[in-house]
There are 2 protein chains.
Amino acid sequence: MRSDKIIVSGATILPMTEPECSGSASDGGAKDGDAQKYFTGSVALEGGRIAIVARDGCAEGEQRLAEFRVKGDFREIDGRGRLLMPGLVNTHTHVAMTLMRNLADDIELMEWLHERVWPFESRLGAEEIAWGAKLGIAEMLLGGTTTFVDMYWHEAAIARVARDMGIRAVLCPSFLDGERMAEFERDLPETIAVADGCDRLSVRIAPHAPYTCSEENLRRAIGLAKKYGVGAHTHISETLDEQRIVRERYGCTPTEHLRNVGLFELPTIAAHCVHVTGGDMDILREFGVTAVHNPQSNMKIASGAAPVAAMLSRGVNLAIGTDGACSNNDLDMWDEMRTASFLAKHTAADPASMPAYEILKMATVGGARAIGRDGELGVVAEGALADLIMLDLEKPHLCPRHDLVAALVYSAKSTDVERVFVAGRPVVENDRVIGLDLPELMAEVEATVGRVKQAI
Amino acid sequence: MRSDKIIVSGATILPMTEPECSGSASDGGAKDGDAQKYFTGSVALEGGRIAIVARDGCAEGEQRLAEFRVKGDFREIDGRGRLLMPGLVNTHTHVAMTLMRNLADDIELMEWLHERVWPFESRLGAEEIAWGAKLGIAEMLLGGTTTFVDMYWHEAAIARVARDMGIRAVLCPSFLDGERMAEFERDLPETIAVADGCDRLSVRIAPHAPYTCSEENLRRAIGLAKKYGVGAHTHISETLDEQRIVRERYGCTPTEHLRNVGLFELPTIAAHCVHVTGGDMDILREFGVTAVHNPQSNMKIASGAAPVAAMLSRGVNLAIGTDGACSNNDLDMWDEMRTASFLAKHTAADPASMPAYEILKMATVGGARAIGRDGELGVVAEGALADLIMLDLEKPHLCPRHDLVAALVYSAKSTDVERVFVAGRPVVENDRVIGLDLPELMAEVEATVGRVKQAI
C-alpha cells in the first residue's frame, strides 16, 4: 500500500490562524495588515493530519521537516507559485438539488415551490438523490469545498456517496410535519449507520423550519438527537412570511420559539437568519448557534439581507453556505464569499463592512466551529485535519498581487483551485476529481432528470 | 495568406435576436419560453462578418452553407457540445486599473481615492498604462468580452494595445478640471489617429463626472467632440455626494445638468446611474443615452443600487460594465451579469425582477446599441460583425440543462469560454489568447507595479 505521507513544499501558505514559528514576515509583496497573514513554507501530511508546518527560515520547523524527509516514503508536491490554504466549508446546502439547477428561475417563491420544485421532488427516490449528490460533490470538490453540511431526505444515500467520493460531510436528515416525519425516523438511524463506518462523516437532525414543524415533532426529534448524541441543522428566519407565521402561532420570533422548544440544547446550525432581531442574535450567541449566511440564495429569491455585520459584532459565530443549486444556481463558495462581502457593504452603505479576511474566516474557521471541529478544520496548523486546497496564483485575474487576502475574496475563482486534499488524501489533481468519469456522471444526471420530468 | 473563412458547425446557437429561418424548435431540452431562444446549427464567417446562420433542418440555410463549403478554403470548427453566442460588451471600464487590483479594499471612499488610488495613479505614464491595459484585455478576452468601452487618460496608448491584441474597443480620453484638461486635448486627437487606422476601434470624449468638470470645460469638450464627430462617455449619479454637490451648484440633478450643458447632443454612455430620478430616466430615454449598470463596483464601494428595472420599464437602453479592477476586483462579465440580476431581485424584493434573458440582453444587444452598433454587434445574425464566443457546456455547474439561458446567467463562469472570435478572427483558442505569453505579461505587470510603488 502506498504511503499516505505527502510534503507540499515552497507554497504560499494562508493558515487562517497564528502561524507556527511566527517571526517577522520575510515575504515580499505583503502589505500592512496582510503581512502577518501568510508566509512561504512547506507542510507535511501524515495519517490524515497535518504533521508539520514549516515556515521558510524558521529553523525549528525546517529541522523537523528534514527529519520527516529522512524517513523517506513520501510524495513531494511542488507548491511554488501556489497558495495552500484550508479547504472551504459549505455550511448549508441541499446537495441533491443540483438535479433542479436552473429549473425554477425568475419566478415568485410560491410558484417556485408549488409548480416547479415540489412536483419534481415528489418523484425523487434514493437513487435519483444519489446522482444529484454525486454531481454536487464533484462540483464542490473541484471548487475547493472539502466539507459540506447537507439537509435533505434520503440522507443515507447521500452519506454513501460522500463516503465513496472522499469529501467530508455532515448529513442531516430533514423532517417537516406530515409523512416526512416517518421517513425521517427511518432515515436518521440508517444515515448514522453509514456515518459510523467513515470518520469523515457525521450526522445531525434537520427540522425544516420553525413554521413547518410542530412543537410535538420538534420535541420528538430533539429526543432522538439526544438518544443518538447528534446535533441539529435548521432554517431560521429566512423570510418575512416565516416571521409573521411564527409570531401569530407562538407570539415570538422563530429563534425564540426554537430556544423555547429546546432545540438549542443541541449543537445547532441555523441557515439564513435573514430577519433575526438583536434579541435573537443574543440567543444565538448564548447557545453557541452558528448563523449560516447564504447571500446569493437570499438575493435571488428576494428574501432579504442577513445582518451579518451586526451578528459578528454581537459575537455570533458566522459561516457561509451556498444553499441548494435550485436557488443559487451553483455550489461555488468563491462566488458566495464575494457576494457576502458585497451585500454587507451595500446593506451597511459602508465599504469597510465585512472585510476580506472576515469573509474568509466565515468560510473556513467559522464553518469548522459550526460543526464542532474548531481548531481541527479550517486552519493550516500542526495536528489539524489535512483538509487543504491549492490554488494556482498565476492567473491574470490575480495579477498583480497587492493583497493576497483581498485577491482571494474579490478576484479568485473556483476554477483557480487545482488540488484538493481531504483527510490527507488527494481527491482533486490537475483540476480533476481523481477516479471520477465526469462526462459519464453528467450523462447519468441528464438521464435521471429526463426520467423524473417524464414522470411528473 | 490564410483564408479568413471559418465554419462553426453543430453548435447550440444563442442568437440574441430572432433566428434566421425561425421554425418550430426542434431541440430537446428547451423549456417553455426558452425554446425559441436558441437552436442547433452552423455559422459561416467571412470578411470579418457572419455570412451564414444555418439552423439545422432549415433547408434554405443548409443549402447556402453547402454552397459555401463547395468554394473550399475554410477552416471548420466542431461546435458540438458547445454554445455559440455573441461576444460580451463591457460597456464601462477603466482597463488599466488592473494595475491597482486589490490595492484598495475594505476602506472608505475618500481614503480609497486620496491615500491609495490617486498617489498610485500620479505615477502612471503611457508605458505603465499600456501594461495594465494589456493585462486587462487578456483577462477580458479569456472571459468572452469582445468589446470594451474604456475611460482613462493616455487612451492613445490603450488604443495601440487594443489594436494589437485584436479586441474591439471604444477608447474615451477623460478629463476633469485642472491639468488633466490639457492632457485630454493632446490625448484626444492622438487616440483618434490610432483608431482611424483600425476598424475595430472608435473614440469618444469622457468628461469624468458632472461634479468634477466645469461647465466651461464641458462645453469646450463637447465642441471638440462635434469637430471630430465622436460621442461621449461619462459617470452620472454614482454617489449621493455627487447628487448633493450638483444640486447645490446648479440647482438640478446631474442628468438634468448634463442635458442643459448640451452633452446629450452627442451619443452618450452614462455609467452607474445609481441615484437617477424618474425625470432623469425620461431624459436618458429621450436623448437615447445608455445607462451602464456596474453592480459589483456599486455594492463594493457602497454607492447604492441603480434602479435598472425602473429604467428598463421606462425605455432606457441598459448595458453592463465591470468598472475598473480597483473596485470590483476583476473584469468578469459573467459575475457581473449574475450580480446584476441578484441585486435587482433583492432591491425590488421580487424574484421575478430582471430575469436572465433581460440580463443577457444588457450584456450583448444593450452594449451594442450603447456604442451605436445596434444589429451589427451583440447578435448572431447574417451580416453582423463576427464577434462571437464559444462556451464549453460540458461542465458540472452547467448540468443538468433545464434552461440554457438561466444557466448562462446563474451558473456559467468566465472560464467556460474556450474560443473567442473578434471581427471573424480567432483571438482565444483552447483557453489561451493566441500569440500572448501570459506568464511573461504578468511578470511585466508585477515589475511595473513594483516600480510605481517605489516611486510613491
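The legends below describe close-up views of a predicted model.

**View 1. The two domains of chain A and the side on which domain 1 touches domain 2.**
In this predicted model, the domain assignment of chain A gives domain 1 as residues 5–86 together with 379–433, and domain 2 as residues 88–370. Taken over C-alpha atoms, the centres of domain 1 and domain 2 of chain A are separated by 30 Å. The contact between them brings 23 residues of domain 1 of chain A together with 23 residues of domain 2 of chain A. On the side of domain 1 of chain A that touches domain 2, the elements giving two or more residues are α14 (404–410), β15 (417–422) and β16 (425–429) of chain A, and the largest share, five residues, comes from α14(A). Sorted by class, this side of domain 1 of chain A has 17 nonpolar, one polar and five charged residues.

**View 2. The open sheet of eight strands in chain A.**
The strands of this open sheet follow the order β6-β7-β8-β9-β10-β11-β12-β13 in chain A, and their pairing is parallel. At the edges stand β6 (88–93) and β13 (318–320) of chain A, each of which pairs on one side only. Direction ignored, neighbouring strands of the sheet are turned by 25° against each other on average. Within the sheet, strand β9 (residues 201–207) of chain A runs parallel to strand β10 (residues 231–236) of chain A and is joined to it by two bridges, and Ile205(A) stands opposite Ala232(A) in β10(A). Helix α4 (residues 155–165) of chain A packs on this sheet, where it touches β7 (145–152), β8 (168–175) and β9 of chain A. The direction of α4(A) makes about 175° with that of β8(A).

**View 3. The packing of helices α3 and α4 in chain A.**
Two packed helices are described by the angle between their axes and the distance between the axes. For α3(A) and α4(A), the angle is about 35° and the axes are 8 Å apart, while the crossing of α3(A) and α4(A) is right-handed. From α3(A), the residues Ala126(A), Ile129(A), Ala130(A), Ala133(A), Lys134(A) and Ile137(A) meet Ala157(A), Ile158(A), Val161(A), Ala162(A) and Met165(A) in α4(A). An α-helix has 3.6 residues a turn, so residues three or four places apart point the same way. By class, the residues in the contact of α3(A) with α4(A) divide into ten nonpolar, no polar and one charged.

**View 4. The contact between chain A and chain B.**
This contact takes 51 residues from chain A and 51 residues from chain B. On the side of chain A that touches chain B, the elements giving two or more residues are α3 (126–142), α10 (295–300), α12 (333–348), α14 and α15 (438–455) of chain A. Of these, α15(A) gives the most, with six residues. The side of chain A that touches chain B has, by class, 29 nonpolar, eight polar and 14 charged residues.

**View 5. Helix α8 of chain B and its surroundings.**
Helix α8 (residues 254–261) of chain B is mostly covered, with six of its eight residues buried. The buried residues are Pro254(B), Thr255(B), His257(B), Leu258(B), Arg259(B) and Val261(B), and they pack against α6 (215–228), β10 (231–236), α7 (240–250) and α9 (278–286) of chain B. After α8(B) comes Gly262(B), whose phi is positive, near 105°.

Most residues other than glycine have a negative phi, and most peptide bonds are trans. Ala349(A) counts as exposed because it has 11 C-beta neighbours inside 10 Å. His154(B) is buried, because 23 other C-beta atoms lie within 10 Å.

Note on methods
Residues numbered from 1 in each chain as written. Chains lettered and ligands numbered in written order. Predicted model: local features only at pLDDT ≥ 70, side-chain atom pairs only at ≥ 80, totals over all residues. Buried ≥ 20, exposed ≤ 12 C-beta atoms within 10 Å, placed from the backbone. Helix = DSSP H or I, 4+ residues; strand = E, 2+ residues; numbered from the N terminus. Contact = placed C-beta atoms within 7 Å. Domains from an automatic or database assignment. Nonpolar A, V, L, I, M, F, W, Y, C, P; charged D, E, K, R; others polar. Pairing = 2+ DSSP bridges. Axes fitted to C-alpha atoms, helices over the stretch in contact; angles between N-to-C directions. Left-handed = near helix turned anticlockwise from the far one by under 90°.
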